[in-house]
Amino acid sequence: MSEMPDTGAETPQSAAAKLFDLRVLIGGLFLVYGVMLTVAGFFTSSKDLAKASHININLWMGLGMLVIAAFFLTWWRLSPLRRDQPSADATGTGP
Amino acid sequence: MLRLHVNPFDYTILGIYFALVVTIGVMARRAIATSEDFLLSGRSLPAWVTGLAFISANLGAIEILGMAANGAQYGLPTVHFYWIGAVPAMVFLGIVMMPFYYGSRVRSVPEFLLRRFNPATHLFNALTFALAAVLIAGVNLYALALVINALIGWPIWLSIAISALFVLAYITLGGLSGAIYNEVLQFFVIIAGLVPLVIIGLHSVGGWSGLQTKIGHTKLGASAFSTWGGVGIGHWTNPLGDWIGIVFGLGFVLSFGYWTTNFAEVQRALSAKDLNAAQRTPLIGAYPKIFIPALTIIPGLIALAIIPKLGTPKGASYNDAIPLLLGRFLPNGALGVALAGLLAAFMAGMAANVSSFNTVFTYDIWQTYIRRGRPDRYYLNVGRVVTVVGILIGVGTAFIASGYSNIMNYIQLLFSFFNAPLFATFILAMFWKRTTPWSGIAGLAAGTIGAAVMHFAGYHIAYFYPHQVYDPTHATINAQMVNFYGASVAFLADLVVTVLVSLVTKPKPVSELGGLVWGVHDPNAPDPASVPKPVWWKSPKLLGGVALGIVLVLSIIFA
């Protein structure tokens, strides 16, 4: 085996377990966007409506984004990130 | 005429997005204590994150605008870049190649070559990859500046400086985790931005059948809806040429070369938390890849149908297809989301390249050849400095990118020189024990030269011109077809030279090949019986098989 040069005993421990959960951010962003667009959708001018081929796109997009936000936030609530084991499994993954 | 009417509502949406981009970088900073944390996310990410980042790293805005341009120019044959030209390679990477990459614990694709071949092969690949990465980072940056300039009116230099600063902030702080998290976020925002465009666009042209009727009246005609029409050898009329070029050049050589050996992609899988997650990374990415053509090619066709003179000297360029539709259809609000997605995709295209460049440079060049054996903290700092330097070089190369009408051609040209021969070398390296250390560099050099020679020779071959009639001005050349054939030549040159050199030089002893070659047991690998079998829906073979099945069905429907 051609090992990489030994980086010495002072190699610090990986801090990867401190990484935050992305699902909160995706859910949060789409929640904010969803509310903004849905509210805007209630005030769509007839000019904008005509522009978008008579589809109230802000309203539909806002509602769609709220559904996505609900999905990610529910998923996050139901199975939160486990931080305890730095998976010392099969392939010897580990810091 | 391109200028969008962006109002404060859109700017608020953009502002929230860009604040979040930097926040991700700042928050990911806490999770970095070692160089592997910074350059490989500490190998800790779940498969759905790495899988979406895998596809998102490829879903840069150049790809989106370029594929919409191809859609308007060629029609549905553009799906070849997504289906035959991507999915089989992604499945192969996940099922066949990932155990070698992830299982051997290498930290980069060049490092695999170092262990399988020799330092010469390694250095050649590391340097060409690093060069390509910063060049493409620059291409992305320049394209971003052009779009911001056209859509919002900021000067080019200001756009370059501000976008480079954002990328700098989130990847110098957050490292690969910052890049990957932003890629996943960007994936959802760009989809959210493009879906409304397709819905409104299709509605306004009278649905799919309305689109077919309208396209039938354009110069593209009804053949725009046939993906495999006119691919006969000798008398091709398909915009992508004959089937040998599409199947062998694009579907096999270019696609496998890009998806299975390009470190910007493979790095996302190496950051996964275990082998199963690494294997599923490209497979999870394959599913969005199958359906993204609906969000790029269809807008291209809609633009062709409703925008007069698109793609003619008097009208707008094909690359403007999506920006033109944004301005035509989207009200403020939806427009802001689409713009955020587009700008994020540009930055992601740059960040993916810089975050793979810094890993290759730190581990494969600096640690291997320049400063060995320092404490890990030293390499963490090198990684940070190299990130800054990479972005500065990207800013510099941003201006090289001008002068090409269709940006995709430029990128593919780069890949066909550097990447096309790679797959030949890897496939021999992984499946033929006899492949010798010196055959690696010899094969790669031969392949790269072959690609370059074929590219320039191709312009003088009548077969690559429409109706197979030579055009002395070279204006009507089928550049894609030359690409596909150039890649094929590179692959064959690499294959032949690697085999020949292997037959006359000394192979590595089998004891050094553990875990790197098919059928050679890795002494460090765990006993297969002790590895828990993943639940059925996490099975790589199942995921890969279903993806291939969907592609097959879609290919038949849209043949």
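I began with the two chains: 43 residues of chain A are in contact with 49 residues of chain B (contact puts C-beta atoms, placed from the backbone, within 7 Å). I noted that the model is predicted: local features need pLDDT of at least 70, side-chain atom pairs count only at pLDDT 80 or more, and totals for chains, interfaces and linings use all residues. Residues are numbered from 1 along each chain as its sequence is written, while chains are lettered from A and ligands numbered from 1 in the order in which they are written.

I looked up which helices of chain A touch chain B. α1 (22–41), α2 (46–51) and α3 (57–78) of chain A each supply at least two residues (helices are DSSP runs of H or I, at least four residues, numbered from the N terminus). α1(A) gives the most, with nine residues. By class, this side of chain A has 24 nonpolar, 13 polar and six charged residues (Ala, Val, Leu, Ile, Met, Phe, Trp, Tyr, Cys and Pro count as nonpolar, Asp, Glu, Lys and Arg as charged, the others, Gly among them, as polar).

Next I took a helix pair in chain B. The axes of α18 (residues 420–431) of chain B and α20 (residues 479–504) of chain B come within 7 Å and cross at roughly 35° (axes are lines fitted to C-alpha atoms, for helices over the stretch in contact, with angles from 0 to 180 degrees between N-to-C directions). I list Phe423(B) and Leu428(B) among the α18(B) residues in this contact, and Phe491(B) and Leu495(B) among those of α20(B). The contact holds ten nonpolar, two polar and one charged residue.
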